[in-house]
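Colleague: Please take a close look at one part for me, the sheet. How do its strands pair, and which residues face each other across them?

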Amino acid sequence: NQQEFNLQAANKVDLRIILYASSIESFLNEGAYAVTGLIYPDKVCEEIILFSLGGAIQVKNSYISASHS
């Protein structure tokens with residue numbers, strides 16, 4: 001399943017991704033766009049890949065935080 005955001009050549013965006021055991025939520029520009037998807041992983045997630053179609057992207061600030069609740 002693929003989801004796309006059309007940003008009309010935005011120079012800067014705020015992207016927040018929340019990953020749970022069986023779902024992923026993506027929020028763009030403090031919730032202006034939001035997407036939730038169900039996932040069914042068969043193994044532990046070892047990496048997250050961000051990419052752009054038709055242009056370069058630069059990640060300025062990032063962090064990963066694990067929740068053990």
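**The sheet, strand by strand**

Modeller: Strand S2 (residues 23–28) and strand S3 (residues 33–38) run antiparallel, joined by 6 bridges. Strands here are DSSP runs of E, at least two residues long, numbered from the N terminus. Two strands count as paired if DSSP finds at least two bridges between them. This is a predicted model, with residues numbered from 1 along each chain as its sequence is written. Local features need pLDDT of at least 70, side-chain atom pairs count only at pLDDT 80 or more, totals for chains, interfaces and linings use all residues, and side-chain values use heavy atoms, leaving out hydrogens and water.

Start with the S2 and S3 hairpin. It has 4 residues between the strands. There, asparagine 29 takes a positive phi near 50°. Across this pair, glutamate 25 stands opposite threonine 36 in S3. Serine 26 has valine 35 in S3 as its bridge partner.

Now the other side of S2. Strand S1 (residues 15–19) runs antiparallel to S2, with 5 bridges between them. A hairpin of 3 residues connects S1 to S2. Isoleucine 17 has serine 26 in S2 as its bridge partner. For isoleucine 18, the partner in S2 is glutamate 25.

Put together, the 3 strands form an open, antiparallel sheet in the order S1-S2-S3. S1 and S3 are the edge strands, each pairing on one side only. From one strand to the next, the twist averages 10°. That angle is taken between N-to-C directions, on a scale from 0 to 180 degrees, using axes fitted as lines to C-alpha atoms.
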